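Trainee: I'd like to learn how to read a protein structure. Could you take me through one, feature by feature?

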Amino acid sequence: RMRIDSSGNVGIGTSSPSRPLHIAKSSGTTILELQRTNTNTTGTTGAIQFNASDDHAIAAIAVVGDGDNEGGEITFRTTSAASENNYFNSTTERMRIDSSGKVGIGTTNPSTLLHLGGTAPGDSIIRQDSTSSGTNWEIGERAAGKWQIFEDDGDSIVATFMSSGNVGIGTTSPDSALHVQSGSAGSVTAY
């Protein structure tokens, strides 16, 4: 049922473990269970913590209660400057999947299916890299009050959507509902 081999690997359900902990069972029944035995409304139910060689926590995947003792939210935490062994103090939450399936990146309270959060322009940019065409695109709030489409190869802003409702193509400061500017011809059309 359980074996510790000469190298210190532990096997559960296998007599030849290939990793420090190797669990084997027939199809669909290999389940690692973490259970909190007291009432859990918002605290951590269980976590997997990853440590550096100095025993400082550098990342963790944890499940926290969603407030009613019957639901859970998965959190993903990382750091670039680990300071201690406790993942909760040493890492920062980067992503959460709440109990309704909403994903938050940069927010602990996602309000839509995919919610990108941040405190400053540039915090919630979405980037698309294309290996076949070589054209890379970014979309999001690149400057305060300006949601922009950015073409990275030419280092150019293609379109700007202002919080005022103005849209600019070829300009980053549209002064009308639709402002189109051609850099090569110098023409400006406002609608």
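Mentor: We'll go from the whole chain down to single residues. This is a predicted model, so to speak of a local feature we need pLDDT of at least 70, side-chain atom pairs count only at pLDDT 80 or more, and totals for chains, interfaces and linings use all residues. Residues are numbered from 1 along each chain as its sequence is written, and side-chain values use heavy atoms, with hydrogens and water left out.

Trainee: How many helices and strands does the protein chain have?

Mentor: Helices (H or I, at least four residues) and strands (E, at least two) are DSSP runs, numbered from the N terminus. Here the protein chain has one helix and 16 strands. The radius of gyration, taken over C-alpha atoms, is 25 Å, well over the 16 Å that the globule rule gives for 191 residues, so the chain is more spread out than a compact globule. That rule is 2.2 Å times the number of residues to the power 0.38. The C-alpha atoms fill a box of roughly 80 × 40 × 40 Å along the principal axes.

Trainee: What percentage of the residues count as buried?

Mentor: Buried means under 20% relative accessible area, exposed means over 50%, and partly exposed is in between, using a 1.4 Å probe and protein chains only. In this chain, 23% of the 191 residues count as buried. Contacts are another thing to look at: a contact means heavy atoms within 4.5 Å. Of the contacts with a separation of 6 or more, 13% are between residues 24 or more positions apart.

Trainee: And the charges: how many positive and negative side chains are there?

Mentor: Lys and Arg count as positive, Asp and Glu as negative, while His and the chain ends are not counted. The place of a charge is NZ of Lys, CZ of Arg, CG of Asp or CD of Glu. This chain has 12 positive and 20 negative side chains, with the centres of the two sets 9 Å apart.

Trainee: Now the strands. Which way do β6 and β7 run?

Mentor: Two strands pair if DSSP finds at least two bridges between them. Strand β6 (residues 72-78) and strand β7 (residues 92-97) run antiparallel, joined by five bridges.

Trainee: Is Pro17 buried or exposed?

Mentor: Pro17 has 7% relative accessibility, so it counts as buried. Pro17 sits in the loop between β2 (10-12) and β3 (21-23). Setting aside residues up to four places away in sequence, Pro17 touches Arg3, Asp5, Asn9, Val10, Gly11 and His22.

Trainee: Which residues does Gly117 touch?

Mentor: Leaving out residues up to four places away, Gly117 touches Ile105, Gly106, Thr107, Asp123 and Ser124. The C-alpha atoms of Gly117 and Gly106 are separated by 4.4 Å, although the two are eleven residues apart along the chain. Gly117 lies in the loop between β9 (114-116) and β10 (126-128) and counts as buried at 13% relative accessibility. Asp123 is in the loop between β9 and β10 too, but counts as partly exposed at 42%.
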